[in-house]
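Trainee: Can we go through this one together? I'd like to start with the pocket and then look at the helix packing.

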Amino acid sequence: MTRDEKYMRIALQYAQNALASDEIPVGAVIVKGESIISFGINQTEKDSDPTSHAEIIAIRKAAQALGDWRLNGCELFCTLEPCAMCAGAILKSRLSRLVFGAFDPNDGYMGSVMDMSVTPKAVSIEVLGGILMDECSLLLRNYLGSKR
């Protein structure tokens, strides 16, 4: 198992927690070096807040844990390609790297609909998608299929 797969498996465990709460099953983990700094799960229903995405929650917790909004040297592992809101927060927080599982052809803004990481004047970030893609996609497909 690669390092990326290791942390994506942890993000998948958090996505399962979101699923158990009847939220869209997305999990996110922020890592610095080999230490997990924070995590987040989707909780838009619980919070009645459209900004309560896994990535946003993980970024807020990481900034609090480090005492700095700049998350230089940190990596975000997320089970789903970030939406435009989350992609913006990822860039603004100065994360060094984003690793995601499932691509989102309808709402993904780090490569699918658009790639915000390569827009003019974007903060430099390494982006890698498709890690454990099948597992991440299946979890989302099963959840969304049960809602239709």
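**Pocket and helix packing**

Mentor: The lining of the largest pocket divides into 12 nonpolar, five polar and eight charged residues. Keep in mind that this is a predicted model.

Trainee: What volume does the largest pocket have?

Mentor: The volume of the largest pocket is about 560 Å³. There are 25 residues lining the largest pocket, and I24, L80, D104, L140 and L144 are the closest to its centre.

Trainee: Which elements give two or more residues to that lining?

Mentor: Helix 2 (44–47) and helix 5 (133–147) do.

Trainee: And where does the largest share come from?

Mentor: Helix 5, which gives five residues to the lining of the largest pocket.

Trainee: Staying with helix 5, at what angle does helix 1 pack with it?

Mentor: Helix 1, residues 3–20, packs with helix 5 at about 10 degrees, and the two axes are 11 Å apart. The angle is under 35 degrees, so helix 1 counts as roughly parallel to helix 5.

Trainee: Which residues meet there?

Mentor: From helix 1, M8, R9, L12, A15, Q16 and L19; from helix 5, E135, C136, L139 and Y143. By class, that contact of helix 1 with helix 5 has seven nonpolar residues, one polar and two charged.

Trainee: Changing topic: how do helix 3 and helix 4 cross?

Mentor: The axes of helix 3 (residues 54–66) and helix 4 (residues 84–92) come within 9 Å, crossing at roughly 25 degrees. That angle is also under 35 degrees, which means helix 3 is roughly parallel to helix 4.

Trainee: Left-handed or right-handed?

Mentor: Helix 3 and helix 4 have a left-handed crossing.

Trainee: Which residues are in contact?

Mentor: On the helix 3 side, E55, I56 and I59 meet M85, C86, A89 and I90 of helix 4. The contact of helix 3 with helix 4 has six nonpolar residues and one charged, with no polar ones.

Technical notes:
Residues numbered from 1 in each chain as written. Predicted model: local features only at pLDDT ≥ 70, side-chain atom pairs only at ≥ 80, totals over all residues. Heavy atoms only, no water. Axes fitted to C-alpha atoms, helices over the stretch in contact; angles between N-to-C directions. Helix = DSSP H or I, 4+ residues; strand = E, 2+ residues; numbered from the N terminus. Parallel < 35°, antiparallel > 145°, perpendicular 65-115°, else oblique. Left-handed = near helix turned anticlockwise from the far one by under 90°. Contact = heavy atoms within 4.5 Å. Nonpolar A, V, L, I, M, F, W, Y, C, P; charged D, E, K, R; others polar. 1 Å grid on protein atoms, 1.4 Å probe; cavity = no way out; pocket = protein on both sides within 12 Å on 5 of 7 lines; lining within 4 Å. Points joined across faces, edges and corners; volume = space filled by probe spheres on them.
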